[in-house]
Amino acid sequence: MSDVKTIGILGGGQLGRMLSVAASRLGLRCHVYEPGAAPAGEVAWQVTNAPYEDAEALRAFADSVDVITYEFENVPTSALDLLESLRPIRPNRRALAVSQDRLTEKTFLNEIGLATAPFADVPEQADLEPAITRIGRPSILKTRRMGYDGKGQVRIGEGPADWTGAPSVLEGFVDFTAEISVIIARGADGQVAAFDPGLNVHREGILRTTTVPCGLPGKVTTDAVLIAARIANALDYVGVMGVELFVTPQGLIVNEIAPRVHNSGHWTQAGCAVDQFEQHIRAVAGLPLGDGRRYADVVMENLIGDDLDRLPGLLKTPDMQVHLYGKGTPRPGRKMGHVNRIIR
Ligand code: AMP
């Protein structure tokens, strides 16, 4: 059905780990490429521990796989250029380029007719005041690149504005009533399958819980899925993508796109026959997608830092699925695992 036997994964974090497990269930092998510590290494077929600047290691990695995917979108362009000359990269480079840079991302979203927060380009500190005059206060200054889990962000209130230290975008503050996300898959043949939108709660910029169903009216959830499908089609996307949205009285606003499996899609492990990890592997391997239907209500909770102390109780809780990432020492803000509580 598909010639793909071995999948290369750039990035060896928990997402790579769960992708590797899903691939092995389908009889496929994963080769993980990771410059740092690799929780995925314990379950993958092979691991290369080398920097993204090591052309020889990248070549050997590409030679050993049929297709390359990633669990981390900030892979340096030079590494991607080399890898792309040797093997297909799925999702494609355009999806990566769009999501690596908040300015490119918002411009693309507006171009395909989707609403974002109002934004202004702030290449350097001197551009900040004029941007604040245009966008207004409150607003949020975010680095264009490399931001995640609220990192590289400065809230701009009434006082003097701090600088992020890197080229940034200034976003108008969105007065949302809820944050939701859609996890959507698109196959190489253009087939699309979406999971139900989840309701996300963040604390200190980090996702804490995702709840399905999200409790919003059908019109909102349908619109959210249509938005995600429009993005996936416009990018000629292959794989699983996470789309984060703000719900406002005026309609849905796209916050950001993740061109990979997403933390807010972990609930699918307990709520669907084919979860987001298997769905991504199916898509990049050229296999038919699963349907994405949900058969249970689920609350996913991240286990962050000291949350691991709750493990004995969590393991004894009925209908609780525990996932641990095999990381070393818990640190504040470090994602150590997650639980999926199935609500009957
Ligand atoms: P991000 O890294 O862009 O996903 O931002 C992290 C979190 O900050 C989001 O999940 C929101 O809770 C909040 N946030 C980000 N951008 C905005 C915005 N423009 N208006 C209001 N809240 C925001």
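Is Tyr52 buried or exposed? I find Tyr52 buried, with a relative accessible area of 9%; buried means under 20%, exposed over 50%, and partly exposed in between (1.4 Å probe, protein chains only).

I note that this is a predicted model, in which local features need pLDDT of at least 70, side-chain atom pairs count only at pLDDT 80 or more, and totals for chains, interfaces and linings use all residues. Residues are numbered from 1 along each chain as its sequence is written, and side-chain values use heavy atoms, with hydrogens and water left out.

I looked up aromatic pairs next. Rings of Phe, Tyr and Trp (its six-membered ring) pair if their centres lie within 6.5 Å; planes under 30 degrees apart count as stacked, over 60 as edge-to-face and the rest as tilted. By this rule I get four aromatic pairs. One of them is Tyr33 with Tyr52, stacked at 5.6 Å centre to centre and 20° between the planes. Tyr33 sits in strand β2 and Tyr52 in the loop between β3 and α2, 19 residues apart; helices (H or I, at least four residues) and strands (E, at least two) are DSSP runs, numbered from the N terminus. Tyr33 is buried at 0% relative accessibility.

I then checked Phe176 and Phe246, a stacked pair with 4.8 Å between centres and 5° between planes. Phe176 is in the loop between β8 and β9, and Phe246 is in strand β13, 70 residues apart. I list Phe176 as partly exposed at 33% and Phe246 as buried at 8%.
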